[in-house]
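My entries follow in the order in which I checked things.

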Amino acid sequence: MDSKKKVDVIYRRIDDAFLDPHVFRKDSMLGVPGVMGAYLKGNVSIVNAPGTGISDDKAVCAYVPDMIKYYLSEEPIISNVPTYICERPQDLQYTLDHIEKLVVKPVDMSGGYGVTIMDTLTKAEVEEVKEKIKANPREFIAQPKMMLSTHATYIEDENCFEPRHIDLRTFTLMGKDFSYVLPGGLSRVALKKDSLIVNSSQGGGSKDTWVIMDQSSLDNSHAHGQTQSQSQSQS
Amino acid sequence: MESLLSKYKLKPNCYDEVFKEEEQYRSEYFMIDQLLSKMDFKTYKSLNEEAKLSFLNQGITYALYTATESTETIFPFDLFPRVISSSDWEVLEKGMLQRNKALNLFIHDVYNDAKILKDKVIPEALVKTSKHYVKEMEGFSPVGDIYCQICGTDLIRHSDGNFYILEDNLRSPSGVSYVLSNRVTLSRTLPHLFQGKLIHPVSQYPNELLRTLRSVSPQQKLDITCVLLTPGQYNSAYYEHSFLAKQMGIELVEGGDLFVENDFVYMNSIGLKKKGRCYL
């Protein structure tokens with residue numbers, strides 16, 4: 001076996017900042033020096049592409065319905081949770097005026113970190129958050145407190161079923177000339193009673209998530225013989 | 001016999017996924033009802049323990065970080081599955097594809113012609129001040145103009161019964177390994193639950209992911225080499241990285257296993273073999 005092998009595609013699970021010390025953080029020990037140069041010459045693919053994080057920004061995310069209209073001339077099939085972008089003066093004013101009813105989030109954190117549900121705070125804490133937003137409005141968005149749906153969940157300590165709030169993380173793939181959505185996804189459960197924070201990093205759990213086949217996909221799977229046999233092999 | 005859910009109390013002002021009202025299952029849950037109505041708490045509890053053991057035996061643990069310490073724990077799992085009706089899923093699937101398409105066009109536009117910014121649909125400053133804006137990407141087009149090959153979008157169902165998008169994760173969305181292992185665990189623990197049930201399988205995901213990776217290779221050829229680059233075993237999602245690499249049959253590498261020569265990327269196969277991370 002050769003001691004070195006050319007790599008065509010890198011599915012990276014490290015952030016841009018650590019990818020290449022020649023371009024991003026110079027102190028990164030996790031990345032590959034020169035990989036961005038190879039990428040920009042078209043000699044290797046990096047998945048997802050560097051710089052996709054601009055859409056991760058929660059303030060930018062709020063504009064996805066506008067993107068759908070702009071690029072596809074379609075109406076969004078699924079709405080966003082209404083979002084107040086604190087950088088916009090009128091949104092900032094609304095946020096400050098109605099803060100007790102809102103959930104405040106930093107624009108660039110994931111995993112439920114930094115999410116503040118305002119009606120759980122004391123008056124002094126609320127004032128503190130307001131000051132933080134005013135000092136740095138670009139860094140925050142606010143959303144109405146959405147009541148996540150509940151699902152019967154086994155509570156071990158009580159040996160009974162109780163409603164717990166859940167969400168759904170879907171996984172969508174986009175390749176050259178095809179795309180795919182994983183049927184279902186990860187249903188995350190906020191195990192603490194009444195908690196709305198489902199993230200695993202905050203102690204959430206998960207459920208197997210089933211998507212029922214309809215008659216047409218059933219006919220389809222008979223035709224191809226594959227989906228059907230796969231679902232049978234689960235048993 | 002007292003059924004498992006006879007004392008279940010709905011939470012006021014919330015959409016309950018399972019029940020329309022007290023003791024009235026939604027139609028997509030009829031088959032779950034059939035199974036659970038025959039089960040007592042003792043059986044359910046012991047099955048739940050079995051499931052937990054199955055996760056432990058599969059080595060599925062999660063590093064939980066607090067301010068002061070980190071611990072490896074099992075990702076809490078509950079045997080009672082969530083069921084999505086085919087009509088709900090049809091809308092969700094279309095919605096996700098539409099959204100991903102628009103996001104991808106947006107990223108390409110921002111780094112090339114920036115039309116959407118010039119037309120002031122989205123404020124330029126908002127995009128350009130994002131911490132994740134990468135100047136080096138300006139004027140560059142990746143293979144197939146695809147930027148977000150893998151997107152994890154979080155949705156919630158509000159009390160009005162509709163799904164809403166909470167956020168998109170386009171950097172390193174994690175969690176898919178739990179989708180696959182949850183299904184394996186549930187089908188091992190409650191095999192008869194799946195008998196004759198027409199549920200969309202999830203086990204093809206690693207193949208679809210590999211197909212996605214290969215489709216964006218700079219060269220289309222027979223022996224495309226894909227690798228999964230992980231920050232290493234101290235990352236909270238390391239289990240998922242090794243799981244996906246193994247499922248796809250590709251190398252799991254760390255930065256030190258790769259090097260660049262004349263603007264091409266290579267992996268040091270001998271080094272990988274020594275570390276026991278070489279599957280080839």
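Predicted model: local features only at pLDDT ≥ 70, side-chain atom pairs only at ≥ 80, totals over all residues.

Residues are numbered from 1 along each chain as its sequence is written, and chains are lettered from A and ligands numbered from 1 in the order in which they are written.

**Entry: strand S6 of chain B**

I looked up strand S6 (residues 150-157) of chain B and found that eight of its eight residues are buried, so the strand is largely enclosed by the rest of the structure. B:Ile150, B:Gly152, B:Asp154 and B:Ile156 point one way from S6(B), whereas B:Cys151, B:Thr153, B:Leu155 and B:Arg157 point the other way, and all are buried. I kept in mind that in a regular strand the side chains alternate between the two faces of the sheet.

For its partners I used the rule that two strands pair if DSSP finds at least two bridges between them. S6(B) is joined to S7(B) by six bridges, and the two run antiparallel; B:Gly152 has B:Asn169 as its bridge partner in S7(B). These two strands form a hairpin with five residues between them, and B:Gly161 in the turn has a positive phi of about 90°. Six bridges also join S6(B) to S10(A), again antiparallel, and there B:Cys151 stands opposite A:Thr172.

**Entry: where the chains meet**

How many residues does each chain bring to the contact? I found 119 residues from chain A and 143 residues from chain B, counting two residues as in contact if their C-beta atoms, placed from the backbone, lie within 7 Å. On the side of chain A that touches chain B, strand S10 (residues 160-175) of chain A gives the most, with 13 residues.

In S7(B), B:Tyr164 is the bridge partner of A:Ser79.

An open sheet of three strands has the order S1(A)-S11(B)-S10(B), with antiparallel pairing. Strand S1 (4-6) of chain A and strand S10 (258-261) of chain B stand at the edges, each with a single partner strand, so one side of each is left without a neighbour in the sheet. S10(B) pairs with strand S11 (residues 264-268) of chain B over four bridges, and B:Leu258 has B:Met267 as its bridge partner in S11(B).

**Entry: chain B as a whole**

I counted 10 helices and 11 strands in chain B, and of its 280 residues 43% count as buried. The domain assignment, which is automatic or from a database, gives domain 1 (19-216) and domain 2 (217-280) in chain B. The contact between them takes 15 residues from domain 1 of chain B and 12 residues from domain 2 of chain B. On the domain 1 side, H8(B) gives the most, with five residues.

Note on methods. Buried ≥ 20, exposed ≤ 12 C-beta atoms within 10 Å, placed from the backbone.
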